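This briefing is intended for a reader who has the sequence and the coordinates at hand. It moves from individual residues to the chain as a whole.

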Amino acid sequence: MNIDYPKAIKNVAWSVVLSTFHINIGVFDILPDWLGYILLFSAVKTISDVQPTAGLLKPFALVIIADSILDTVLKFMGISMGIYVYNLVISVIYIYIYFQILTDIWHTAENYNTETGWLIPPLRNITTVTHTIAFVLMSMEGNIYVIMAAAVVNIVMKTRLAFHLFSHAKDEKFADADL
């Protein structure tokens with residue numbers, strides 16, 4: 001077994017946590033998104049050994065790392081990146097990379113008949129839809145209550161996803177697998 005594979009799943013889980021929760025002291029984010037995206041990039045490299053399609057995500061991971069670091073630097077300078085088309089592209093990349101990496105993790109779980117992989121697709125789908133709804137409605141200055149509802153559901157489902165990925169990484173079937 002590739003002992004790095006369960007660690008890669010944990011890195012994806014930590015990436016979900018870091019990209020979901022924002023605890024700020026002034027402009028300093030204690031849980032920086034870019035750190036989560038670096039963890040995601042390292043997970044992509046390992047998961048691509050088992051699921052080659054994950055390797056296609058490497059350049060996208062680098063883009064969201066660079067964007068997040070740029071966003072952090074600009075926040076320290078008091079500058080906002082409020083360009084709609086740019087934000088749309090980054091949001092699409094974000095959705096794509098998480099959707100695909102979770103699909104690759106799920107396919108590996110299916111291939112090795114793990115007990116814990118079954119919840120990944122519904123959580124992946126719900127978080128994708130709620131993220132999309134919140135982004136589109138915020139961009140269109142939509143109903144604030146619908147945006148808040150979508151955001152709350154997204155946060156709850158991402159939290160559940162992270163906990164599920166942590167437990168999935170401990171699945172004993174990986175110990176017997178030749179990954």
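**Briefing on the predicted model**

Asparagine 113 is located in the loop between α4 and α5. The model is a predicted one, and its chain comprises seven helices and two strands.

- Asparagine 113 is not a glycine, yet its phi is positive, at about 50°.
- Asparagine 113 has a relative accessible area of 52%; because the limit for exposed is over 50%, asparagine 113 counts as exposed.
- Threonine 114 also belongs to the loop between α4 (84–111) and α5 (120–139).
- Threonine 114 has a relative accessible area of 13% and is therefore buried, given that buried means under 20%.
- When residues up to four places away in sequence are not counted, threonine 114 touches Ala109, His168, Asp171, Lys173 and Phe174.
- Between threonine 114 and phenylalanine 41, which are 73 residues apart along the chain, the C-alpha separation is 24 Å.

- Asparagine 11 is found in helix α1, which spans residues 4–20.
- The relative accessibility of asparagine 11 is 12%, so this residue counts as buried.
- Asparagine 11 is in contact with Leu39, Ser42 and Ala43, leaving aside neighbours within four places in sequence.
- Proline 122 lies in helix α5.
- With a relative accessibility of 34%, proline 122 counts as partly exposed.
- Proline 122 and aspartate 4 are separated by 118 residues in sequence, and their C-alpha atoms are 25 Å apart in space.

**Salt bridge and charge**

- The structure contains one salt bridge.
- Lysine 75 and aspartate 71 form a salt bridge in which the closest N and O atoms are 3.5 Å apart.
- Lysine 75 and aspartate 71 are four residues apart in helix α3 (residues 58–76), which means that about one helical turn separates them.
- Lysine 75 is partly exposed, at a relative accessible area of 44%, and aspartate 71 likewise counts as partly exposed, at 28% relative accessibility.
- Across the chain there are 10 positive and 14 negative side chains, and the centres of these two sets lie 2 Å apart.

**The chain as a whole**

- Along the sequence, the secondary structure elements follow the pattern α-β-β-α-α-α-α-α-α.
- Taken along the principal axes, the C-alpha atoms fill a box of roughly 50 × 30 × 30 Å.
- Of the 179 residues, 44% count as buried.
- Among contacts in the chain with a separation of 6 or more, 76% are accounted for by residues 24 or more positions apart.
- The accessible surface of the chain is about 9600 Å², and 69% of this surface belongs to carbon and sulfur atoms.

How values were computed:
Residues are numbered from 1 along each chain as its sequence is written. This is a predicted model: local features need pLDDT of at least 70, side-chain atom pairs count only at pLDDT 80 or more; totals for chains, interfaces and linings use all residues. Side-chain values use heavy atoms; hydrogens and water are left out. Buried means under 20% relative accessible area, exposed over 50%, partly exposed in between (1.4 Å probe, protein chains only). Contact means heavy atoms within 4.5 Å. Accessible areas come from the Shrake-Rupley method with a 1.4 Å probe; for residues, only the protein chains shown count as cover. Lys and Arg count as positive and Asp and Glu as negative; His and the chain ends are not counted. The place of a charge is taken as NZ of Lys, CZ of Arg, CG of Asp or CD of Glu. A salt bridge is a side-chain nitrogen of Lys or Arg within 4 Å of a carboxyl oxygen of Asp or Glu.
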